[in-house]
Amino acid sequence: MLNKTQLCGAIIALIASNSVWAADQTLTLNDGREVILHDNFTWQYKHQTNTPQTKQTLNVTTETPVIATSAAAIPIISASKGVTVELGAKKAIQQLSDSGVDILLSAAHYKNGTLVIPTMMTNQNSKSVVNVTMKVRLSDMQGQTIAAEDVTLWRAINRMPETYFRPKTQQQGKPISFKVPKSESYLIHAEVTNIDLR
């Protein structure tokens, strides 16, 4: 049987733990951003500043309820990372997505002093695509840039709808090619810079 001191301690602990659940909680995501979970089942991002001693909360005009799911979310990639390109490999190099357009960089091959990377695109959008451009940088395995280029994978002719990249279709894009010395492997940094829809 509990004495009065132990009973009071248990009640205080219970009240304290209950108030913790009613207060806002801060959660750090895998990418380092912080989220504030409110007791009314809403959330918002916590404002990050360059100086660690001054932290303030970013006011968000619309708050979205947090819905717990068992499936893991797809991470958001904010900067392009180098992906290894191996000559002779059969698997695709990388897939990029932007504005409902998926771009697949297929397995590379080397021909006549040129590294060639075929591309394939899928338009998942409900609109036609008239222009797809990318910024591509090729590096050696030590990270030294050996070539860089802005590549137009798809360009339709203005006011000629038959040249548009139609919704829910696939098209072969212009291959990405670099005149570089032959190597067993390279690093490629690719990012979509522009997609025009009609």
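Here are some notes on this predicted model, point by point.

1. Ground rules. Because this is a predicted model, local features need pLDDT of at least 70 and side-chain atom pairs count only at pLDDT 80 or more, while totals for chains, interfaces and linings use all residues. Residues are numbered from 1 along each chain as its sequence is written, and side-chain values use heavy atoms, with hydrogens and water left out.

2. Overall make-up. The protein chain has one helix and 14 strands; both are DSSP runs numbered from the N terminus, helices being H or I with at least four residues and strands E with at least two. Buried residues account for 28% of the 198 residues, where buried means under 20% relative accessible area, exposed means over 50%, and partly exposed is in between (1.4 Å probe, protein chains only). The chain exposes about 13,900 Å², and 55% of that comes from carbon and sulfur atoms; the areas are Shrake-Rupley values with a 1.4 Å probe, and for residues only the protein chains shown count as cover. Of the contacts between residues at least 6 apart in sequence, 53% join residues at least 24 apart, a contact being heavy atoms within 4.5 Å.

3. The four-stranded sheet. This one is open, with the order S6-S14-S11-S12 and antiparallel pairing; two strands pair if DSSP finds at least two bridges between them. Strands S6 (83-86) and S12 (145-155) sit at the edges with a single partner strand each, so one side of each has no neighbour in the sheet. From one strand to the next, the twist averages 35°. The angles use lines fitted to C-alpha atoms as axes (for helices, over the stretch in contact) and run from 0 to 180 degrees between N-to-C directions.

4. Strand S11 and its partners. S11 (residues 129-139) pairs with S12 in the antiparallel sense over nine bridges, and 10 bridges join S11 to S14 (residues 185-197), again antiparallel. On the S14 side, methionine 134 stands opposite valine 192. Nine of the 11 residues of S11 are buried, so the strand is largely enclosed by the rest of the structure.

5. The S11-S12 hairpin. Five residues lie between the two strands, and glycine 143 takes a positive phi near 95°.

6. The core. The largest nonpolar core has 31 residues, and Ile103 and Leu105 have the most contacts inside it. Such a core is a set of buried Ala, Val, Leu, Ile, Met, Phe, Trp, Tyr and Cys residues joined through side-chain atoms within 4.5 Å. The elements giving two or more residues to this core are S8 (101-105), S10 (114-123), S11, S12, S13 and S14, with S11 giving the most, at six residues. Leaving out residues up to four places away in sequence, isoleucine 103 touches several residues, including Met120, Met121, Val132, Met134, Leu153 and Val192.

7. Aromatics. The count comes to one aromatic pair. Rings of Phe, Tyr and Trp (its six-membered ring) pair if their centres lie within 6.5 Å, and planes under 30 degrees apart count as stacked, over 60 as edge-to-face and the rest as tilted. The rings of tryptophan 154 and phenylalanine 165 have centres 5.4 Å apart and planes at 45°, so this pair is tilted. Tryptophan 154 belongs to S12, whereas phenylalanine 165 is in the loop between S12 and S13 (169-179), 11 residues apart. Tryptophan 154 is buried at a relative accessible area of 16%, and phenylalanine 165 is buried at 0%.

8. Two spots worth a look. Serine 185, in strand S14, is buried, with a relative accessible area of 18%. Not counting residues up to four places away in sequence, serine 185 touches Thr84, Val85, Glu86 and Met141. Glutamine 25 is in strand S1 (residues 25-28) and is partly exposed, with a relative accessible area of 32%. Glutamine 25 and isoleucine 36 are 11 residues apart in sequence and 5.7 Å apart in space, C-alpha to C-alpha.
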